[in-house]
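Here is a friendly walk through one model, written for someone who likes to check contacts and distances by eye. Keep the viewer open as you read.

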Amino acid sequence: MELDKYDRALLELLQDNCQTPLRELAEKVHLSTASVQRRIQKLKDEGYIEATKAILAPNKLDKVITIIVEVQADNTKTPDLHALKESFSGPEIQQCYYVTGDADFVLVLLVPTMERFQVICDELFHDNPNVKWFRTMVVLDRVKATLDVV
């Protein structure tokens with residue numbers, strides 16, 4: 001599927017607020033409501049829109065500590081990497097990236113307390129024979145957080 005200017009405009013608008021009514025989207029991109037609805041469905045079907053979610057305020061939900069963790073695997077054979085990726089999918093892990101450089105993974109966690117983070121460290125890192133080392137950074141202030149692509 002080749003994206004045209006209307007598709008890109010819709011993606012940008014939906015990325016900003018996915019609850020914008022269809023008629024308002026249609027007015028902004030100068031198409032009919034039915035056309036906008038068909039285009040959005042096609043963007044979903046083709047995988048351009050993976051999900052529609054609300055962005056929540058972590059501090060309002062007792063997830064007051066953001067921690068970034070770099071992890072180096074001891075063994076990078078495919079089955080071992082798949083096992084690590086699977087283990088890095090828990091509810092406190094907001095994001096997980098398989099990366100190049102000194103670390104193999106970078107994780108972003110949201111936790112309510114340092115005590116909970118200690119439990120996670122034991123479960124995911126200390127007790128995992130395929131974790132060579134890990135390094136943590138506690139976030140002092142969230143300067144910018146976005147999932148924007150377009």
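At 42% relative accessibility, Arg135 counts as partly exposed. Keep in mind as you look that this is a predicted model. The side chain of Arg135 meets that of Glu70 in a salt bridge, with 2.6 Å from N to O. Because Glu70 lies in strand S1 and Arg135 in strand S4, the pair ties together parts that are 65 residues apart in sequence.

## Arg39 and its two partners

Across the model, the count of salt bridges comes to five.

Take the pair of Arg39 and Asp4 to begin with: their side chains meet at 3.0 Å, N to O. Arg39 lies in helix H3 and Asp4 in the segment before helix H1 (5-16), so this bridge links parts that are 35 residues apart in sequence. Asp4 is partly exposed, at a relative accessible area of 29%.

Arg39 also forms a salt bridge with Asp7, at 2.8 Å from N to O. Here Asp7 belongs to helix H1 and Arg39 to helix H3, so the parts tied together are 32 residues apart in sequence. Is Asp7 buried or exposed? Asp7 is buried, with a relative accessible area of 3%.

The largest nonpolar core has 19 residues. Those with the most contacts inside this core are Val69, Val71, Phe88, Leu107 and Phe125. At least two residues of the core come from each of S1, H4, S3 and H5. There is also a second, separate core of 11 residues, and Leu11, Leu14, Val36 and Ile40 are among them.

Leaving aside residues up to four places away in sequence, Phe88 touches Val71, Ile93, Cys96, Phe105, Leu107, Leu124 and Phe125.

Helix H5 covers residues 114-126. A straight helix of 13 residues would span 18 Å at 1.5 Å a residue, whereas H5 spans only 16 Å between its end C-alpha atoms.

Which residues of H5 are buried? They are Phe117, Ile120, Cys121, Leu124 and Phe125. These buried residues pack against S1, helix H4 (78-87), strand S2 (93-98), strand S3 (105-111) and strand S4 (131-138).

## Cysteines without a disulfide

How many disulfides does a search of the whole structure find? The search finds zero. For Cys121, the closest cysteine sulfur is the one in Cys96, 15 Å away, which is too far for a bond, because a disulfide needs the two sulfur atoms within 2.5 Å.

Cys121 counts as buried, at 5% relative accessibility. Cys18, by contrast in its setting, is partly exposed, with a relative accessible area of 33%.

## Loops and positive phi

Two residues have a positive phi of about 60 degrees without being glycines. One of them is His30, which is found in the loop between helix H2 (22-29) and helix H3 (33-45). His30 is exposed, at a relative accessible area of 69%. The other is Asp62, located in the loop between H3 and strand S1 (65-73). Asp62 counts as exposed too, at 56% relative accessibility.

A further loop, between S2 and S3, holds Gly101. Gly101 is exposed, with a relative accessible area of 60%. How far from Leu25 is Gly101, C-alpha to C-alpha? The two atoms are separated by 42 Å, and the residues are 76 apart along the chain.

Conventions: Residues numbered from 1 in each chain as written. Predicted model: local features only at pLDDT ≥ 70, side-chain atom pairs only at ≥ 80, totals over all residues. Heavy atoms only, no water. Helix = DSSP H or I, 4+ residues; strand = E, 2+ residues; numbered from the N terminus. Buried < 20%, exposed > 50% of the residue type's maximum accessible area, 1.4 Å probe, protein only. Expected span 1.5 Å × (residues − 1). Contact = heavy atoms within 4.5 Å. Core = buried A, V, L, I, M, F, W, Y, C linked by side-chain atoms within 4.5 Å. Salt bridge = Lys/Arg side-chain N within 4 Å of Asp/Glu carboxyl O.
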